[in-house]
Amino acid sequence: MSQNDKKKRMTAKILDNRQIATNIYEMVLHNDEITRATMPGQFINLYCRNESKLLPRPISVCETDHNEGTMKLVYAVVGAGTKEFIELQSGETIDILGPLGNGYDVNQPVKEHIIIGGGLGIPPLLELTKRLRGKKKIVLGFRDKLFLVNEFKRYADELYISTTDGSVGEQGNVIDLLNRNDITGDMFYSCGSKRMLKAVHQWSIHHQIEGQISLEERMGCSFGACVGCVAKIKRQGKQWEYKKVCTEGPIFFNKEVVFDV
Amino acid sequence: MCKSLQVKIADVTFKNPVMNASGTFQPRECADYVDINQLGAVVVKGISSEPWTGNATPRVAETYGGMLNSVGLQNPGVDVFLQEELPYLEQFDTKIIVNIAGRTIEEYCEVAEKLQGTSVEMLELNISCPNVKEGGVAFGTDAKMVEKITGQVKRHTDKPLIVKLSPNVTHITEMAKAAVSGGADALSLINTLLGMRIDVHHRQPILATKMGGLSGPAVKPIAVRMVYQVANAVDVPIIGMGGIQTGEDAIEFILAGADAIAVGTAGLTNPTAMTEVLQGIESYMDQYNIQDINELRGLVK
Ligand SMILES: Cc1cc2nc3c(=O)[nH]c(=O)nc-3n(C[C@H](O)[C@H](O)[C@H](O)COP(=O)(O)OP(=O)(O)OC[C@H]3O[C@@H](n4cnc5c(N)ncnc54)[C@H](O)[C@@H]3O)c2cc1C
Ligand SMILES: Cc1cc2nc3c(=O)[nH]c(=O)nc-3n(C[C@H](O)[C@H](O)[C@H](O)COP(=O)(O)O)c2cc1C
Ligand code: FES
């Protein structure tokens, strides 16, 4: 294989970029090649135009449309990079790299799926939800304003919603939803803050449900070169070892992950 | 007329002067982006005698035009390297350089010894590691120590030895001279500069280790200056690095006195940076009708 056949940074055309909730934006990008290659749970790097900001901004893919060659991302404004992204207009382009990471394992023999998302962990679960076969129980925890709920509703056998302030759905978080509604199943899939994932981990051990969770770490490259993005993963014979979230994750089986106190 | 990019360092011939900087290139993962056969050499990340776990996260932080890292030389150890990584690298038409790390002189020597009789072409001594025996101060910041460790490791290898200098010193030329009198066959510079970032909203350092190594375009003027000073102070070949992103950046180092160059951080943010640097060097040579890359070396006095 010569250099011409290698993967590289690409440009994508921005088709849409707008606010959907407090501090949360949705961006639709067009790039046939990357869209077609993307599996649920994978992410892409977005790069800033301002060259003083070197590092990638990893963002999960929310939804892909293979016919149109488009992908949807949902992102929060956190710091300088995402502040730059919200200024981008439809018709402009952005540099991206991907798809990155491993994605969910959807080939497990599972009849009842539980999909558990909190806040910005909700969007990365949409494409997965669309593709899973079997009964789907969807558990979503928002802070205040809802987003993407109609999209999830289309694929849900059961849908549970909470807000921290109780303004919509049940008051509380995803753990409250899981416990109050006695939700069970064969496999869960979860994405959200470290705190939430740890609580879900404890819930799953109590109910003996196997799961796949999506981890987040600061990344220097997102394709396995710098060893910056590690998480503690259990290994046979050893207590744990550091594995790279960008290439060996971001999806790990729940039972493998070591949650520090 | 065919131009020549070949360079020679301590009797090893490289097809071109472009290699990766240690620790920023994992051959298996990077092979998806870079045709490794095009590189002058592959430099393996720091290898120690035993596996090292590395530091807690966050290990990386962004800085203006650069980044901080505190990976902590996470590596599987020399035995696993020899079993699993070296055979993979041997399939490529390139030279293999191994960067070696240790907490004591004995640990460095052990790695060097285990690499004897292998296809590894050269060793690169990473003397930025903390010296546990001497209270954790880096080997590379004390000239006597630099000379001693270079001499000791030389005794355990018949491969040419590159000593990689730390920029966290007052006089880089003293360290360069010490390495050469210890027996260094070549020098590489610069390693990362010690830096720190604080998250003002949470009022705590961003890196778990508080401090880390600064690299990327922000450090390039310091690196060029140090290569220039060292090239004028010693008579061994130099591999220059620190913030190289383009062919012209590479030429800057060569004009300052480097025989070869390495690309680190740029390859993390743009995975095809290394081949782009190589192309950039070629187009610079075309532009100025340079037949042999060695003509440019140290031209700036
Ligand atoms: C695999 C993965 C998937 C992600 N998916 C999404 C998503 O779908 N939607 C979303 O809103 N966010 C997502 N994030 C988090 C997102 O990457 C950060 O919020 C974003 O990089 C912040 O950039 P900034 O320039 O605004 O912040 P700054 O603080 O200015 O960023 C400085 C540096 O720190 C990094 N950084 C800062 N916060 C984080 C963080 N929480 N996680 C990782 N790196 C961080 C940035 O990438 C950048 O390199 C994901 C992170 C990972 C690792
Ligand atoms: C993530 C990362 C890991 C590194 N690991 C090593 C290492 O294992 N051994 C070493 O000698 N230098 C290491 N370095 C330093 C680089 O090899 C190089 O000297 C430095 O980054 C300057 O070059 P650059 O600006 O092109 O990155 C590392 C740098 C980075 C960014
Ligand atoms: S971010 Fe560089 S190895 Fe994962």
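**A helix pair, then the ligand sites**

Reply: Start with the place where I105(B), Y108(B), C109(B) and A112(B) of α3(B) meet M145(B), K148(B), I149(B), Q152(B) and V153(B) of α4(B). Sorted by class, this contact is made of 7 nonpolar residues, 1 polar and 1 charged. Keep in mind that you're looking at a predicted model.

How do the two helices sit against each other? A packed pair is described by the angle between the axes and the distance between them. Here α3 covers residues 105-114 of chain B and α4 covers residues 143-155 of chain B; their axes come within 9 Å and cross at roughly 35°. As for handedness, α3(B) goes past α4(B) in a right-handed crossing.

Staying with chain B, let's move on to ligand 2. It has 21 residues around it, and the ones that come nearest are S22(B), K164(B), I190(B), G243(B) and T265(B). Those names are from chain B, but residues from chains A and B surround the ligand, so the site is shared between chains. Several polar atoms line up with ligand oxygens. S22(B) puts a backbone N or O atom 2.8 Å from an oxygen of ligand 2, and G46(B) has a polar backbone atom 3.2 Å from a ligand oxygen. N99(B) uses its side chain instead, with a polar atom 2.9 Å from an oxygen of ligand 2. On its own, ligand 2 has 610 Å² of accessible area, and the protein covers 96% of that. Its shell splits into 15 polar, 5 nonpolar and 1 charged residues.

Now over to ligand 1, where 20 residues make up the surroundings and R57(A), P58(A), G79(A), G81(A) and T82(A) are the closest. At least two shell residues come from each of β4 (57-60), β6 (70-76) and α2 (80-86) of chain A, with β4(A) giving the most, 4 residues. For polar pairs, a polar backbone atom of V74(A) is 2.9 Å from a nitrogen of ligand 1, while one of A76(A) is 2.8 Å from a ligand oxygen. A80(A) has a backbone N or O atom 3.3 Å from an oxygen of ligand 1. By class, its shell counts 12 nonpolar, 4 polar and 4 charged residues.

How values were computed
Residues are numbered from 1 along each chain as its sequence is written. Chains are lettered from A and ligands numbered from 1 in the order in which they are written. This is a predicted model: local features need pLDDT of at least 70, side-chain atom pairs count only at pLDDT 80 or more; totals for chains, interfaces and linings use all residues. Side-chain values use heavy atoms; hydrogens and water are left out. A residue is near a molecule or strand if one of its heavy atoms lies within 4 Å of it. A polar contact is a pair of N or O atoms within 3.5 Å; within protein, one must be able to donate a hydrogen and the other to accept it, and residues adjacent in sequence count only if both atoms are side-chain atoms. Accessible areas come from the Shrake-Rupley method with a 1.4 Å probe; for residues, only the protein chains shown count as cover. Ala, Val, Leu, Ile, Met, Phe, Trp, Tyr, Cys and Pro count as nonpolar, Asp, Glu, Lys and Arg as charged, and the others, Gly among them, as polar. Axes are lines fitted to C-alpha atoms, for helices over the stretch in contact, and angles run from 0 to 180 degrees between N-to-C directions. A crossing is left-handed if the near helix is turned anticlockwise from the far one by less than a right angle, and right-handed if clockwise. Contact means heavy atoms within 4.5 Å.
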